[in-house]
Amino acid sequence: MSESPGNVQGSLAALYESLQTSVLQLFTDPTQLSPGQAVLVAASALFVGAVVWTCCGGQRRTKVKLRTEFTPGKIYYHVPPPVKAIPCLTPFGMKLETYLRMADIPYEPMYGRSMGPKGKIPWIEYNGEAMADSGLIIEFLNREKGVDLNRTLSDADKAVSRAFTKMVEENTYWGLGWYRWIDNFDQLYHLFEVPWVVTFFLRYVRRNIRRTLWAHGIGRHSKEDIEGIMEKDLRAISTFLGTKPYLMGDEPTKVDTAVFGQLSEIVWTAPGSYLHRIVTVDCPNLQAYCSRIKDRYWSDWDQLTKKAKKDQ
């Protein structure tokens, strides 16, 4: 029989109080620590340090470890593992992998949480080198593989595509981050599929993200203002999309990878939110758009997410 939430919280509170007492003794009179308390302090310090180091950018100061043996011309794609809700929890991971599928470029996913050379994920290994930033990776692969998803677009259409890409990645993305990490933080462990207790350690990450949102500027607004900004972004996409299958016409182009990357996170990971209401009720063409891309390029979606369920 499972323990009730109240008992679990009580146990965690007792553990936290014990840790506080042990840490205090460590700095005042370490000789009074029992062996068990010493182990608790050491283990807790290592765990918290690892979480903060990994999630708050510590790996940016280390050299990326590359494989010693590789297949020339093969793309090794580093990305977080799938979860029950979606194949990838980062919009830029969804963007890059959708691009690889649209462009019909073979790749091997390397599921994990190792950060790339710029301290972020996703990233790729290619011919013994590490490359980061989804946009720069796409530009490189366009040249390397002779791909151009925008080949049918006019210069004016390309300019519009870039404007929409920058809107969703430099504005909408941060609104989604605010929704996840600030407004809906207490439910984040469900989405990440980690034990509730990990929420305590995720607060260190949240603190860093809050500072980033403030530096960006969106974090300085009220909740109502942020929701208004997000709604305007989503309605702009909906209006421009209209009844077209894809943003720029009958066939998908590069901008669809970026827009789908952001919208997919709303459609499949934010049920019950004001964001989900906008893309499903107020602007149903956005939900249809996401489903269209999912059905065309993610035939293994259910397989990936079901595998995530089995691994739990």
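Where is Pro 122 found? I located Pro 122 in the loop between β2 (108-111) and β3 (123-126), strands here being DSSP runs of E with at least two residues and helices runs of H or I with at least four, numbered from the N terminus. I then noted that a cis peptide bond joins Ile 121 and Pro 122, with omega at about 15°.

Before going on, I recorded that this is a predicted model, in which local features need pLDDT of at least 70 and side-chain atom pairs count only at pLDDT 80 or more, while totals for chains, interfaces and linings use all residues. Residues are numbered from 1 along each chain as its sequence is written, and side-chain values use heavy atoms, with hydrogens and water left out.

Next I looked up two residues with positive phi. Asn 127, not a glycine, has a phi of about 50° and lies in the loop between β3 and β4 (129-132); at 34% relative accessibility it counts as partly exposed (between buried, under 20% relative accessible area, and exposed, over 50%, with a 1.4 Å probe and protein chains only). Asp 133, also other than glycine, has a phi near 80°, sits in the loop between β4 and α4 (134-145), and is partly exposed at 38%.

For the whole protein, I noted twelve helices and four strands, with 44% of the 312 residues counting as buried.
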